Amino acid sequence: MTESELDNKLDAVAAAPGRVNLLGEHTDYNDGFVLPVAIAQRTRVAMRRSGSDKFSLHAEELGETVRFSLDAPPQEHFATYVFGCLALVRESGVEVPGLDIEVASDVPMGVGLSSSAALEVATLRCLRQLLRFDIDDVRIAQLAQRAEIEYAHVNCGIMDQMASSLAATDRALLIDTQSLQRRDVPLPPGTAVLVLDSGVARKLAGSGYNQRRAECEEAAKQLQVRSLREVRDPRQLDTLPDLLRRRARHVFTENARVLQAAECDEPARFGALMNASHTSMRDDYEVSTPAIDRLVALLQAQPGVFGARLTGGGFGGACVALCDEDALQQAADAVLARYFAEGFNGKQLVPALNATTRVP
């Protein structure tokens with residue numbers, strides 16, 4: 001569906017980007033630091049009053065239409081993200097009329113690029129425009145996070161929603177997820193971001209994501225701190241059982257890597273921090289897979305690549321690499337050719353090879 005075709009269906013329209021996280025994985029729900037950047041791919045939501053108290057939601061890429069009321073959430077999982085946004089806006093005291101909702105997106109799904117956050121933020125932006133209620137971009141991120149936790153049942157941190165609501169594509173966004181303070185961070189000069197799909201699909205609600213969060217909460221409880229962000233000395237972790245110690249060690253070292261990267265303008269040093277992050281997620285946090293480990297290893301060994309790691313919650317999905325901007329496409333082609341030759345199935349996601357019309 002073209003933008004003009006979608007525009008003809010609207011009383012309001014809004015869009016929000018996906019994101020890729022350069023560093024700071026599984027730190028956001030531990031009140032830590034993250035360093036995401038928005039991607040060019042976006043989710044676009046159009047709304048038109050239905051003239052009743054009923055809602056219809058059509059997702060173009062899925063080829064599905066769901067009908068529901070606000071009395072009960074729909075059964076279709078993708079629709080729960082939108083339902084949650086509608087319900088929370090109504091809970092805030094805004095009257096939400098019945099709507100016909102159209103969703104069109106080129107944000108890759110199921111690979112760790114926050115397609116769900118893009119859908120939530122775009123939905124809330126569209127409601128802000130349609131209903132003219134006063135809500136800023138930080139509050140949109142907070143409501144989007146609640147929608148995902150309370151209605152999609154993914155016990156996520158706030159990084160994805162903050163990145164979709166506030167990040168740009170040409171620079172990273174350092175976020176302190178405890179205070180929500182943030183600042184732009186330029187990428188190291190002469191570099192660009194590459195994202196490759198491992199070919200292993202991921203579904204956070206059915207993965208170990210919620211389990212990892214519970215393990216971090218238990219580690220904090222045993223350490224008698226409110227969150228793992230409050231750990232100041234890694235020797236504090238020595239009192240924990242082995243599994244919890246490794247989980248907490250990842251969070252502690254990952255926070256340190258984010259803060260170092262935010263002050264780093266040397267591509268090789270930034271890349272080394274990404275490499276160390278992947279090792280930590282593989283060994284201490286145990287959220288990688290053999291296919292992802294192989295794709296990361298191929299990227300790390302490729303000339304023109306400064307560093308690479310799993311991005312997103314893990315258990316499948318995508319890898320992100322920091323590349324020499326002049327060597328990026330050559331590196332992507334060479335790595336994927338080797339990956340295919342070894343029997344895996346991946347593809348390039350960012351930069352998009354087949355660019356479609358973007359929303360400015």
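How many salt bridges does the count come to? In this predicted model, the count comes to 27 salt bridges. The close-up views below take up some of these pairs and then the nonpolar cores.

**View 1. Salt bridge between R226 and D31.** The closest N and O atoms of R226 and D31 are 2.9 Å apart. R226 sits in the loop between α6 (209-223) and α7 (242-261), and D31 in the loop between β1 (12-23) and β2 (33-49), so the pair ties together parts that are 195 residues apart in sequence. R226 is exposed, at 59% relative accessibility, whereas D31 is buried, with a relative accessible area of 14%.

**View 2. Salt bridge between D176 and R229.** The N to O distance between these side chains is 2.8 Å. D176 belongs to strand β6 (residues 172-176) and R229 to the loop between α6 and α7; the pair links distant parts of the chain, 53 residues apart. D176 is buried, at 11% relative accessibility. R229 is also buried, at 14%.

**View 3. Salt bridge between D284 and R249.** Here the side chains meet at 2.7 Å, N to O. Because D284 is in the loop between α8 (267-283) and α9 (290-301) and R249 is in helix α7, the pair ties together parts that are 35 residues apart in sequence. D284 counts as buried, with 11% relative accessibility, while R249 counts as partly exposed, with 35%.

**View 4. A salt-bridge network.** Side chains of opposite charge can pair when their charged atoms come close.

**View 5. The largest nonpolar core.** This core has 41 residues, and L86, L99, I101 and L127 are those with the most contacts inside it. Two or more residues each come from β1, β2, β3 (55-59), β4 (64-68), α2 (77-91), β5 (99-105), α3 (115-131) and α4 (137-150). Of these elements, α2 gives the most to the core, with ten residues. In soluble globular proteins, nonpolar side chains tend to be buried together.

**View 6. The surroundings of L99.** Leaving aside residues up to four places away in sequence, L99 touches M47, R48, R49, S50, K54, F55, S56, L86, L127 and L130. Among these contacts, L86 and L127 are listed with L99 as residues with the most contacts inside the largest nonpolar core.

How values were computed:
Residues are numbered from 1 along each chain as its sequence is written. This is a predicted model: local features need pLDDT of at least 70, side-chain atom pairs count only at pLDDT 80 or more; totals for chains, interfaces and linings use all residues. Side-chain values use heavy atoms; hydrogens and water are left out. A salt bridge is a side-chain nitrogen of Lys or Arg within 4 Å of a carboxyl oxygen of Asp or Glu. Helices (H or I, at least four residues) and strands (E, at least two) are DSSP runs, numbered from the N terminus. Buried means under 20% relative accessible area, exposed over 50%, partly exposed in between (1.4 Å probe, protein chains only). A nonpolar core is a set of buried Ala, Val, Leu, Ile, Met, Phe, Trp, Tyr and Cys residues joined through side-chain atoms within 4.5 Å. Contact means heavy atoms within 4.5 Å.
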